Amino acid sequence: MNHKAIAIGRLPAVWSLDRAAAFLSQPVNWVFLGVGGIIAFLSLYPSFFLLYGSFTDAPLGVPGHFTLNNYIQAYSDPEAYRLILTSFIFGIGASGLSVILALTLAWITIRTNAPFRKLFELTAIVPNIMPPILISISWVLLLNPNNGLINAILMQWFGLESGLFNIYSIPGLIFVEGLILTPLSFLIIAAAMKSMDPALEESAKTLGSGEFGVATRITFPLMRPAILAAGTLNFVRAVESFDTPAIIALPARIEVFTTKIWREALGSFPTNHNLAATYGVGILVIALVFVYLYRRFTSQVESFSTVTGKGFRPHQIDLGGCRILASAVAFILLALMVILPFMVLLLMSVLPYYHVPTWETWKNLTLDNFRYIADNDRVYRAFGNSLFLAIVGASLCMLLASLTSYITVRTKIAARGLLEGLVFIPWAFPGTALALGLLWAYVDFPIPVYATIWIIMIAYVTRFLPYGLRAVSSTIIQIHRELEEASIVCGAGFLATFRRILIPMMRPGVVAGWIILATIFMREFSASLFLYSPGSEPLGPLLYFLYLDGMRGRVAAIGLVISLISIILIAIAQRLSRWETK
Amino acid sequence: MSDKFKYLLVCAVAFFYASQAWGQDAKLVEAAKKEGGKAVVYGSLESDTVGAIIKAFQKKTGLQVDYWRASATKVMDRAMSEYRAGKPLFDVMLTNAAPMHVMLNEGIFAKYNSPSAADFPKDAIDPNLGPRYRNVIAGIVYNKSIIKPADAPKSLEDLVNPKYKGKLVMPDPTQHTTTTQWVASLDKIMGKEKADKFVRDLAATKPILVESLLPAAERVTTGETPIAITYVKYVFIFGKKGAPMDYVRLGKMLGDGHYVALNNKAPHSSGGKAFIDYFIDDESMKIMAEMGEFVNRKGIYPPLPDAEKIQFVQMVNFDKKGFAAKKKEYSKLFLK
């Protein structure tokens, strides 16, 4: 069967009643219309307010006049372009580092027989759970040149006069952001790696390639869509991140684009919504260019099809004597990503106030911060709200992402590219700017969702759908069409094929995406902060307020409990995924 | 008039006012219960402090209080966005002078003369916003386990002494609004000439710049940077956890005033009024002071050494253009 047989849903060039009826007779087109309608609404409704805001001279909600002054102010300053360049270096460095670390870790944990690989796989996701600001603070406490713990130890051991490492530098900034971004890369790359067809690797081996040759010439090139997906997502995430630059770049007097946005728009008094929206449009353009490049890279879908009907579980590589070395490498990476920052958090959570530990410290250890969690109704309520948002929100998001991914990757519907573009629009705005758009969009919405937990759910799905979409798309690209064709030949319709063939095949990507989203939803704050009402407070704002009040110990203690709950969620998700496979 | 008669007269007047206030309280509480028995408060005052006040308020009135806390700018953003959309959810607003004046000019506050306001000094009452219930005071804070009190700076001018180079952290005055105000107000305590020179010299020492006042104080507690320009109250807040912190007794110190106001479209206006009455009452002021705040009540001070000797000087307020101009001016000095 040629591909035209399943090139369902192509929009007729000229519409007539007959053609419209034919279009609507295909179930997939109904799905397209439904999903397209939901995504268009979620994406365009709040974005409209922000785009409108960038062309007006009055704040949101106040009638203003059309103006281009915001664009002139934002982009006529030559300094802005220098900062964009710095941001590009930062973004490329951090996303590149995250992809390299994730590839190494994914290969060791999924493709080799290294000891403890399952444990490494589980813990690699842990940093995604922690608010990035806490990880940045941990690294400042470890590597600041004055009294960073690692520097202090090295100075003592080797009699150095000054600290060996300086976190307050561009490499320091890239290093910390790279570590923060690695779990997202890992989840996307690992999901794709799990779904690889061993046939190509076996052929290469038969033709005389060694394990290293197979890895570099077959495995990694086959991972290209996933690598590009992870790189694209993380590049934009780094460029729009403010947490790490605020902690590390500002004291180092390094200016990036987000610190400029903060100074001139979001952090100015009063907040300049119009300028924030205008900068947001700039980031949107950059993000859309990257989405376009990503689609170009992956346009020849067939060349990446690695999951076929011939069996699809990759074989494990026997590393022989190098097994321990591989585990050691994975352990070092995890020490950087998880163990060291978490040790600092653990220390923070049992100290009355953070200081460089001395022998006196042991006398002052306290469990007060954990007692606060146990005794406080507000904390309990926030945990309940966040768990609800994580489980229900991530599930809704992945359902929408799976359907969107199918439409954009598998069908030839003319407007499918537009659908993907729509998904990315809200993601490209800085978090706080989008939250303002969402607030304005839903405060006067006819269905009373404002000031309920549902508006937070809508915000999460709107903002984080691209993460789910990327995770599932990089898997669906790898699934060969022959499986769907076989299903259709056997008489199954679209829905049966989607449910019985594609969903099980996409499961690694769906589970990976669900985990990414659930862990982000457990601690998200920039959108929640503007949208929650006191009864629907999730953990993110609670952590933010405690941090704002200087309660680092409580933040660390809650952070540790969130990590524990998230690990349990991840373990359940992975177990369910395997159980269903059986 | 005999002394005895005077005493009786004072007692009668005091009783009259007290009973009037209590009568208003009781009526308001009843009305608030009919409105749903709650008040919604937006503000930038620390959650623990508000939490302690809410607990006492609930015990006294049986009314519930929902508190939404964020930074001053975010609080103002949310309140004004809701108000413009015609759906303000908050009854009471608590934050500092500059955003309060912006919101006042937007016309979102109702004029409410709380009976509790009468106990504030006259110079602490704004004709439009009512009593300035607390002052947040910024000064020089240091880690006394790293800098011995004898070696600590004694004045603002001392900060530019080369021996403190690399040891001072402050919020970025080109980014952090309160710090912009602080730098711009130095002439009020130093005189213009001295202040201008000090600002130039301070910028030339390239102090470590951070996002806001709390990260500056935290770097002092961790010892990463032993001296900071930050809120003096952090000496008490971190000190009670054991951090070795102290502040330089400057005499006159700059700070910002905080106000409380009622939304003119408050969904629970009686609950809001009852909360304001209690919030600026003696009992609440004492709770606030015990949590480390400088409240504007005679004889009530935070448990900070020499707190009663600090002379508060209100920082200047700017409008949008004023802030932009100052931030631009300080960019040339501090970020070059």
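Reader: How many helices and how many strands are there in chain A?
Author: This is a predicted model. In it, chain A has 25 helices and 0 strands. Chain B has 12 helices and 13 strands.

Reader: What makes the radius of gyration of chain A agree with that of a compact globule?
Author: Set the two values side by side. A compact globule with 582 residues would have a radius of gyration near 25 Å, and chain A has 25 Å, so the two agree. Along the principal axes, the C-alpha trace of chain A spans about 80 × 70 × 50 Å.

Reader: What does the rule give for chain B, with 336 residues?
Author: The rule puts a compact globule of 336 residues near 20 Å; chain B has 22 Å, which therefore agrees. The C-alpha atoms of chain B fill a box of roughly 60 × 60 × 40 Å along the principal axes.

Reader: What share of the residues in each chain is called buried?
Author: A residue is buried if 20 or more other C-beta atoms lie within 10 Å of its own. By that count, buried residues make up 54% of the 582 residues in chain A. In chain B they make up 52% of the 336 residues.

Reader: How do you know how far apart in sequence the contacts reach?
Author: Take the contacts between residues at least 6 apart in sequence. In chain A, 79% of these join residues at least 24 apart. In chain B, residues 24 or more positions apart account for 77%.

Reader: What describes the packing of α2(B) and α10(B)?
Author: Two packed helices are described by the angle between their axes and the distance between the axes. For helix α2 (residues 47–61) and helix α10 (residues 269–279) of chain B, the axes come within 11 Å and cross at roughly 115°. The crossing is right-handed.

Reader: Which residues of α2(B) and α10(B) meet?
Author: From α2(B) come Ile53(B), Phe57(B), Lys60(B) and Thr61(B). They meet Ala274(B), Phe275(B), Tyr278(B) and Phe279(B) in α10(B). By class, this contact has 6 nonpolar, 1 polar and 1 charged residues.

Reader: Which residues of helix α11(B) are called buried, and what covers them?
Author: In helix α11 (residues 282–290) of chain B, the buried ones are Ser284(B), Met285(B), Ile287(B), Met288(B) and Ala289(B). Their cover includes α2, β6 (130–143), α10 and β12 (294–295) of chain B. After α11(B) comes Gly292(B), with a positive phi near 105°.

Reader: Which elements give two or more residues to the side of chain A that touches chain B?
Author: The contact takes 39 residues from chain A and 45 residues from chain B. On the side of chain A, the elements giving two or more residues are α13 (257–266), α19 (431–443), α23 (526–531) and α24 (539–548). The largest share, 4 residues, comes from α19(A).

Reader: What classes of residue make up that side of chain A?
Author: It has 24 nonpolar, 11 polar and 4 charged residues. The model as a whole scores ipTM 0.73 and pTM 0.79.

Technical notes:
Residues numbered from 1 in each chain as written. Chains lettered and ligands numbered in written order. Predicted model: local features only at pLDDT ≥ 70, side-chain atom pairs only at ≥ 80, totals over all residues. Contact = placed C-beta atoms within 7 Å. Nonpolar A, V, L, I, M, F, W, Y, C, P; charged D, E, K, R; others polar. Rg over C-alpha atoms; globule rule 2.2 N^0.38 Å. Buried ≥ 20, exposed ≤ 12 C-beta atoms within 10 Å, placed from the backbone. Axes fitted to C-alpha atoms, helices over the stretch in contact; angles between N-to-C directions. Left-handed = near helix turned anticlockwise from the far one by under 90°.
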